[in-house]
Amino acid sequence: MVTLTVDGLEISVPRGTKLLKACLDNGIYIPSLCYLDGMDHPPASCRLCLVEIEGRPGPLPSCSQTVEDGMVVHTETDEVRLLQKTAFRLLVSTNDGKCRLCMANKHCEMQKIAKFLHMPLRTKKLRHIPKDMPEVIEEHPCIVYEPNKCVLCGRCVYICSQQNYDFALDFAKRGFNTTISFFGSREEGVGDYCRNCRACVDICPVGALNLKDERDAFLQNLQAKISA
Ligand code: SF4
Ligand code: SF4
Ligand code: FES
């Protein structure tokens with residue numbers, strides 16, 4: 001076991017544990033999107049899980065740090081919060097903030113992080129910059145993808161590769177218009193590498209991937225409530 005101090009609290013975790021997991025397992029919440037338990041090489045791309053570690057320069061992503069004996073960690077410094085809020089603003093810039101119309105409403109990770117950081121999901125101060133692509137992409141026979149909700153955390157890509165030892169979906173395009181795309185063979189078309197295990201749908205933290213049937217039922221139900 002390794003013993004370290006986080007925000008003044010002494011915790012002990014198995015050697016080799018990622019710092020983010022050590023904190024979460026001990027009830028110390030740190031916002032995160034791109035890390036999943038078991039990742040050997042986390043992408044550290046969302047930049048939300050930053051912490052300060054005494055003796056090391058600048059805030060560092062806790063998902064890519066391995067715990068060490070005697071480590072002293074601070075998760076609540078002004079610099080950490082400032083950088084987390086900046087990362088959060090960028091992540092919500094493509095989102096229209098219509099949570100009420102979203103299947104992930106009330107269990108969306110971005111809502112949880114917004115509450116934690118005391119940040120709104122949408123205000124006039126935050127520019128809404130939708131991606132240059134359709135609101136809803138329905139190329140896959142069973143799965144619907146909403147690029148403006150997607151925070152590009154890569155969880156879906158990771159879980160698909162882990163469960164299926166193959167990539168039925170991956171990142172596509174570049175820069176601001178980076179997106180998730182399903183692959184398929186020339187013969188069968190998009191989605192025929194997919195085993196319809198729905199792991200990507202279940203792991204998405206923001207409801208950007210949904211099964212078509214479930215989304216249709218949700219929208220019908222919503223419409224019925226609005227017209228009632
Ligand atoms: S449903 Fe399963 S196999 Fe298909 S893309 Fe998602 S994770 Fe991969
Ligand atoms: S679709 Fe969901 S899980 Fe996949 S990258 Fe976007 S936000 Fe992450
Ligand atoms: S969870 Fe660490 S950078 Fe995303």
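**Close-ups of a predicted model**

The lining of the largest cavity is made up of twelve nonpolar residues, one polar and one charged. Here Ala, Val, Leu, Ile, Met, Phe, Trp, Tyr, Cys and Pro count as nonpolar, Asp, Glu, Lys and Arg as charged, and the others, Gly among them, as polar. This is a predicted model, where local features need pLDDT of at least 70, side-chain atom pairs count only at pLDDT 80 or more, and totals for chains, interfaces and linings use all residues. Residues are numbered from 1 along each chain as its sequence is written, ligands are numbered from 1 and chains lettered from A in the order in which they are written, and side-chain values use heavy atoms, leaving out hydrogens and water.

**View 1. The largest cavity holds ligand 2.** A cavity is a set of points on a 1 Å grid over the protein atoms alone where a 1.4 Å probe fits but cannot get out; lining residues have an atom within 4 Å of a point. "Sits in" means that more than half of a molecule's atoms lie within 2 Å of the grid points. This cavity has about 70 Å³ of space. Of its 14 lining residues, Cys 150, Cys 153, Cys 156, Cys 204 and Ala 208 are the closest to its centre.

**View 2. Lys 149 lies in a loop between strand E6 (143-145) and helix H4 (155-164).** Strands (E, at least two residues) and helices (H or I, at least four) are DSSP runs, numbered from the N terminus. Is Lys 149 buried or exposed? Lys 149 counts as buried because its relative accessibility is 17%, and buried means under 20% relative accessible area (1.4 Å probe, protein chains only).

How values were computed
Buried < 20%, exposed > 50% of the residue type's maximum accessible area, 1.4 Å probe, protein only. 1 Å grid on protein atoms, 1.4 Å probe; cavity = no way out; pocket = protein on both sides within 12 Å on 5 of 7 lines; lining within 4 Å. Points joined across faces, edges and corners; volume = space filled by probe spheres on them.
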